Amino acid sequence: MIAEIGHFSLILALGVALAQTILPIWGAQQRDNTLMRIGAPAAQAQFCLLLLAFFGLMIAYVTSDFSLLNVFQNSHSAKPLLYKISGVWGNHEGSMLLWVLILALFGCAVAMFGRNLPPDLKANVLGVQGSISVAFLTFIVTTSNPFTRIDPAPFEGQGLNPILQDPALSFHPPFLYMGYVGFSMAFSFAVAALITGRVDPAWARWVRPWTLAAWMCLTLGIAMGSWWAYYELGWGGWWFWDPVENASFMPWLAGTALLHTALVMEKRDSLKVWTILLAILTFSLSLMGTFLVRSGVLTSVHAFAVDPERGVFILGIMVIFIGGALALFASRAQVLRQGGIFAPVSREGALVLNNLLISTACAAVFIGTLYPMALEAVTGAKISVGPPFFNATFGPLMVPLLIAMPFGPFLAWKRGDILGASQRLSVAAIVTMLVIIAAYAFSGSGPWLAPLGLGLGIWVIAGALSEIAFRVKMFKAPWDEVFRRLRNLPRAAYGTTTAHIGIGVMVLGIVATTTWQSEKILSLKPGQSASIAGYELKYMGVEPHKGANYSEQIALLVVSRGGEEVTRLFPSKRLYVAPKTATTEAGIHAAWTGDLYSVLGDELKDGAFAFRLYFNPLVRFIWIGTLIMFFGGLMSLTDRRLRVGAPKPARVGVRPAAAE
Amino acid sequence: MARIITLVLLVFIMVLPVTSVTAVEPDEILKDPALESRARDISLELRCLVCQNQSIDDSNAPLAKDLRVLVRERLIKGETNAQVIDFIVARYGEFVLLKPRFAMHTLLLWIATPLLLLIGMFVMYRSYKLRKGDARSRAAKGLSVKEQRELKKLLKET
């Protein structure tokens with residue numbers, strides 16, 4: 001019964017979305033206020049209906065209602081409750097339902113918070129948002145319906161893939177989708193602006209908070225996936241340039257570029273054409289990511305739907321939306337004449353450079369991900385594009401980006417002073433130099449690039465801090481003046497600094513762990529010891545253990561340093577019952593200097609076990625960095641001036657521009 | 001290199017081989033550390049053919065193990081890294097390389113990124129020139145008749 005209510009709501013939501021698409025846009029054309037006003041309640045109704053459908057499915061999962069095909073295929077009665085719930089989106093049908101639910105959530109947000117939007121812009125935005133819903137709801141209802149029943153209902157489900165039964169992974173898809181789908185906001189606003197023909201700073205003021213919120217969620221979502229891979233997959237890697245990772249990374253890159261260029265548009269009414277194009281491209285990449293992941297065109301573990309019907313459907317959606325938006329862009333771009341002019345060396349110029357490098361990097365990922373498929377389709381030749389390619393193309397673009405990053409905030413709008421900026425960064429430069437020299441001194445014969453990489457991270461952090469120090473006249477003005485300035489600095493300024501520091505911290509982690517990782521692969525008998533990175537690990541033996549839906553072998557390693565016991569590690573191997581799958585659980589000891597990471601391997605002939613031991617220096621900085629970036633975004637989002645619909649601040653004095 | 005992120009997806013591969021994730025095993029490791037480190041470098045650039053998107057260094061599939069052993073055998077025979085890779089490519093095709101070779105059919109793949117960077121720089125330069133020209137010609141022309149009329153109107157209002 002509950003499933004039927006869910007099913008019914010789902011279909012009803014499609015009808016509502018259809019109304020939300022047609023009526024407001026038509027109303028905007030006819031200048032009919034009544035029709036335009038239908039958009040908001042329709043968006044709210046659509047969200048409520050989808051929420052009902054989603055909860056319907058969730059109840060079916062929680063109560064293990066195996067009369068639903070989807071629940072039967074993806075759940076099991078012995079599964080812990082958390083994974084019964086996360087199982088809802090741990091499969092194709094359910095995750096598509098989550099996709100449209102989040103889409104509707106964003107539409108609903110426009111309806112509720114967009115009271116002071118110009119009515120025709122709001123109507124068009126809701127209409128475009130509704131049309132995306134129509135496309136994906138049709139897709140769900142016709143090809144991927146989660147409410148399909150089976151008769152007779154089986155007694156037991158087939159279970160969720162055990163490696164997905166993990167807390168971090170349970171929340172990874174919702175965050176990822178909040179990001180991915182959140183960019184639909186920028187898309188809808190861009191298309192609406194092209195329809196109404198008005199693109200002004202107010203537009204950017206509206207789009208920026210939404211894009212920022214989506215970007216934050218995507219950052220967190222990607223970080224969670226990477227964190228999960230790190231500890232669950234058992235070889236201490238954290239990023240693999242897998243096509244599915246790339247599918248979420250490309251919208252992130254484009255979204256990052258969009259955040260920066262929207263700033264130029266908001267403050268200087270410049271770069272309109274590019275900003276609108278980028279808004280369209282960012283969501284297009286999200287759509288493409290959905291297509292890549294959902295259609296099964298990728299030869300990757302992730303591509304599971306080998307059903308071409310679905311692939312062709314999403315491809316159709318993608319072609320219509322991207323093609324339509326780009327055609328509209330081509331025909332209306334001339335309306336968007338450029339506003340303010342600026343010199344190459346200026347805040348705008350720095351942000352253009354940021355966009356050039358990030359967009360090119362995004363293109364590199366795009367080409368590397370799609371080229372093998374395209375080549376195979378055209379010539380039949382099969383090639384692989386793996387990490388070495390991305391390291392060679394993506395990596396070099398990041399170096400100038402990181403070097404230039406601290407300069408940006410120091411340059412004034414319109415015309416900047418590069419010499420002045422360099423002087424203000426001299427302390428940061430000296431700190432960076434000292435760190436590089438120290439790193440060379442300590443690392444000895446290590447890879448010669450590594451200290452430079454560390455220097456890059458320090459440079460970004462010190463540069464970001466210098467900006468705040470300069471703006472509050474640290475060490476130049478009396479302390480009470482400094483504190484007054486610190487208080488008055490807009491939150492957005494702190495947000496920028498914090499996010500940039502996050503990047504620097506992440507760079508430190510990446511450089512340290514990729515260049516100074518140590519590894520030992522060996523076999524140990526009970527009582528034998530191994531040493532790595534100053535730790536002494538004594539293997540005590542293996543014990544069998546039984547979990548809720550798996551059995552496992554747990555090894556005990558006693559870790560000591562300088563004769564004193566530090567901790568005990570329990571790397572294990574699990575064998576899940578349904579479906580029958582083996583996983584490894586790494587034993588990890590985290591310290592500030594790095595992670596001691598141990599993996600239990602197979603039993604060898606002589607009663608010994610194989611072990612893989614790693615020491616990953618500063619590896620946690622990677623995820624700490626992403627968290628810092630997230631909080632930077634959060635700080636900006638709470639800035640009054642960015643808050644949706646907030647009137648312009650009357651405050652004079654401390655302005656975001658560096659020129660004081 | 002097949003793990004991660006939109007993990008949602010993993011879900012459907014119900015038929016994972018029931019083995020552990022050990023990849024390189026202790027008994028494979030060569031005594032000579034220099035040779036072993038070369039073997040590892042090579043392994044990282046070769047794809048495991050049965051497990052999609054994993055290097056043979058990370059993979060626990062039997063075929064990956066065979067390849068790792070093969071790489072080490074060739075190295076012991078005194079072959080260079082390039083010779084070993086050539087031998088494997090001759091046997092298994094170019095698909096085995098995680099870093100595609102620079103050739104006609106991968107030309108676009110390799111040059112696209114630098115090319116796009118150059119094009120981007122050119123567009124930046126052009127639009128800067130254009131904007132500068134625009135601003136200059138506008139400044140040279142002064143206000144149009146219509147603009148002067150608007151200005152007058154505005155001045156009167158205040």
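Which pattern does chain B follow, read along the sequence? After that, please look closely at the side of domain 2 of chain A that touches domain 3 of chain A.

Modeller: Chain B reads α-α-α-α-α, with five helices and zero strands (helices are DSSP runs of H or I with at least four residues, strands are runs of E with at least two, and both are numbered from the N terminus). This is a predicted model, in which local features need pLDDT of at least 70 and side-chain atom pairs count only at pLDDT 80 or more, while totals for chains, interfaces and linings use all residues. Residues are numbered from 1 along each chain as its sequence is written, and chains are lettered from A and ligands numbered from 1 in the order in which they are written.

Of the 158 residues of chain B, 32% are buried (20 or more other C-beta atoms within 10 Å of the residue's own; 12 or fewer is exposed, in between is partly exposed, and C-beta atoms are placed from the backbone). Among the contacts of chain B with a separation of 6 or more, 54% link residues 24 or more positions apart (a contact has two C-beta atoms, placed from the backbone, within 7 Å).

Now to chain A. Its mean pLDDT (the predictor's confidence in each residue, from 0 to 100) is 88, and 94% of its residues reach 70 or more. Residues 300-305 of chain A have pLDDT below 50, and in the model this stretch has 30 contacts beyond near neighbours in sequence. Residues 644-660 of chain A are also below 50, with 25 such contacts.

Chain A is divided into domain 1 (1-160), domain 2 (183-334 + 352-394), domain 3 (395-516 + 621-637) and domain 4 (518-620); these bounds come from an automatic or database domain assignment. The C-alpha centres of domain 2 and domain 3 of chain A are 27 Å apart. Where the two touch, domain 2 of chain A supplies 22 residues and domain 3 of chain A supplies 17 residues. On the domain 2 side, the elements giving two or more residues are α9, α10 (243-268), α13 (347-379) and α14 (387-404) of chain A. Helix α9(A) has the largest share of that side, nine residues. By type, the side has 16 nonpolar, four polar and two charged residues (Ala, Val, Leu, Ile, Met, Phe, Trp, Tyr, Cys and Pro are nonpolar, Asp, Glu, Lys and Arg charged, and the others, Gly among them, polar).

Helix α10 of chain A holds Pro243(A). Pro243(A) counts as buried because 29 other C-beta atoms lie within 10 Å. Between Pro243(A) and Ser384(A) there are 141 residues in sequence, but 11 Å in space from C-alpha to C-alpha.

In the largest core, of 191 residues, Val100(A), Ala186(A) and Phe189(A) touch the most other members. Helix α9 (residues 201-232) of chain A gives the most to this core, with 19 residues. Leaving aside neighbours within four places in sequence, Val100(A) is in contact with Leu50(A), Ser133(A), Phe136(A), Leu137(A) and Ile140(A). A second, separate core has 19 residues, including Leu569(A) and Val599(A).

Key: A nonpolar core is a set of buried Ala, Val, Leu, Ile, Met, Phe, Trp, Tyr and Cys residues joined through C-beta atoms within 7 Å.
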